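Let's take a walk through this one together, starting inside a single chain and ending where the chains meet. Have the viewer open as you read.

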2 protein chains.
Amino acid sequence: MQGIVLFAHGARDPEWARPFEAMRERLRARRPEFPVELAFLERMEPTLEGAVDTLATRGVSAITVFPIFMAQGGHLKHDLPRMIEAIRAKHPRVPIALASAVGEVPEIVEAIADWVLRSVD
Amino acid sequence: MQGIVLFAHGARDPEWARPFEAMRERLRARRPEFPVELAFLERMEPTLEGAVDTLATRGVSAITVFPIFMAQGGHLKHDLPRMIEAIRAKHPRVPIALASAVGEVPEIVEAIADWVLRSVD
């Protein structure tokens with residue numbers, strides 16, 4: 001059983017988390033067999049470690065972390081790989097893979113271009 | 001002629017801007033009749049004011065600013081409306097509209113869910 005973590009930056013305003021909650025709900029609705037958890041770098045809970053602990057308790061055989069960041073800055077290039085190394089040491093039996101940033105995915109770039117052109121046409 | 005601004009956060013690492021440059025290139029390739037400029041809140045150039053100045057010089061009749069942010073935090077709720085008010089005062093003949101955040105757009109949430117499920121299936 002493959003677990004999914006949607007990893008976002010976090011913010012002070014609780015409403016900030018709404019789009020990530022919507023993504024989690026869409027994934028749960030479309031494919032309820034995949035356990036999905038949110039995780040945040042800062043200012044919101046759970047942490048990435050907390051989300052991985054939850055998925056491990058639910059018995060997942062592997063986890064993929066999806067950074068829901070538009071672009072790769074210091075957080076994704078440096079902080080996140082270090083966090084994942086530490087979490088792998090804690091959960092040696094659960095392989096943890098890391099996906100690219102949202103803005104690096106051609107289909108998502110295209111969906112954003114579609115939205116922009118729908119709005120101005 | 002409608003001008004488009006893709007407004008992103010900005011970061012120290014020049015590579016961070018790559019996804020936004022890719023979005024701009026897709027828009028220019030698909031619809032070359034719409035002038036498109038990037039703009040950044042901090043750490044990168046041009047500013048939003050600089051991008052609007054460029055579009056105004058090119059003779060656009062209206063501008064829509066698209067915040068390429070996953071979610072609405074303090075930057076979008078407070079800083080950006082204030083910045084746009086100041087820019088409207090400088091360019092009273094160019095109506096400036098503000099779109100919602102990327103993560104509030106159902107089709108983009110769906111594209112992100114598609115990507116996640118393609119990756120784990």
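Which strands of chain B does helix α2 (residues 48-57) lie across, and at about what angle does the helix run to β2(B)? Helix α2 of chain B lies across β1, β2, β3 and β4 of that chain, and runs at about 160° to β2(B).

## Ground rules

This is a predicted model, where local features need pLDDT of at least 70, side-chain atom pairs count only at pLDDT 80 or more, and totals for chains, interfaces and linings use all residues. Residues are numbered from 1 along each chain as its sequence is written, while chains are lettered from A and ligands numbered from 1 in the order in which they are written.

A few terms before we go on. Helices (H or I, at least four residues) and strands (E, at least two) are DSSP runs, numbered from the N terminus. Axes are lines fitted to C-alpha atoms, for helices over the stretch in contact, and angles run from 0 to 180 degrees between N-to-C directions. Two residues are in contact if their C-beta atoms, placed from the backbone, lie within 7 Å.

## The sheet in each chain

Chain A has an open sheet of four strands in the order β2-β1-β3-β4, with parallel pairing (strands pair if DSSP finds at least two bridges between them). The edge places go to β2 (36-40) and β4 (96-98) of chain A; each has a single partner strand, so one side of each is left without a neighbour in the sheet. On average, neighbouring strands here are turned by 25° against each other, direction ignored. Look at β3 (residues 62-67) of chain A next: this strand and β4(A) pair in the parallel sense over three bridges, and I63(A) has I96(A) as its bridge partner in β4(A). Helix α2 (residues 48-57) of chain A lies across β1 (2-8), β2, β3 and β4 of chain A, at about 160° to β2(A).

Over in chain B, four strands form an open sheet in the order β2-β1-β3-β4, with parallel pairing. There, β3(B) and β4(B) pair in the parallel sense over three bridges, and I63(B) stands opposite I96(B) in β4(B). Helix α3 (residues 74-90) of chain B lies across β3 and β4 of chain B, running at about 175° to β4(B).

## A loop worth a click

Most residues other than glycine have a negative phi, and most peptide bonds are trans. Now zoom in on the loop between β2 and α2 of chain A, the place of R43(A). Phi of R43(A) is near 70°, a positive value in a residue other than glycine. P46(A) lies in the loop between β2 and α2 of chain A too, and the peptide bond from E45(A) to P46(A) is cis, with omega near 0°.

In chain B, a cis peptide bond joins E45(B) and P46(B), with omega about 0°. P46(B) is found in the loop between β2 and α2 of chain B.

## How the copies are related

A rotation of 180° with 0.0 Å of shift along its axis puts chain B onto chain A, with an RMSD of 0.0 Å (superposed by least squares on the C-alpha atoms of residues with pLDDT of at least 70 in both). That is the relation of a two-fold axis.

What about the surfaces that touch? Of the interface residues of chain B, 100% are also interface residues in chain A, so the copies meet through the same surface. The contact takes 42 residues from chain B and 43 residues from chain A. On chain B's side, the elements that give two or more residues are β1 (2-8), α1, β3 (62-67) and α4. The largest share of that side, 13 residues, comes from α4(B). By class, the side of chain B that touches chain A has 25 nonpolar, seven polar and 10 charged residues (Ala, Val, Leu, Ile, Met, Phe, Trp, Tyr, Cys and Pro count as nonpolar, Asp, Glu, Lys and Arg as charged, and the others, Gly among them, as polar).

## Helix against helix

Helix α1 (residues 18-30) of chain A packs with helix α4 (residues 106-120) of chain B at an angle of about 55°, their axes 10 Å apart. That makes α1(A) oblique to α4(B) (angles under 35 degrees count as roughly parallel, over 145 as roughly antiparallel, 65 to 115 as roughly perpendicular and the rest as oblique). The contact is made by P19(A), A22(A), M23(A), R26(A), L27(A) and R30(A) of α1(A), with V109(B), E110(B), I112(B), A113(B), V116(B) and L117(B) of α4(B). By class, this contact has nine nonpolar, no polar and three charged residues.
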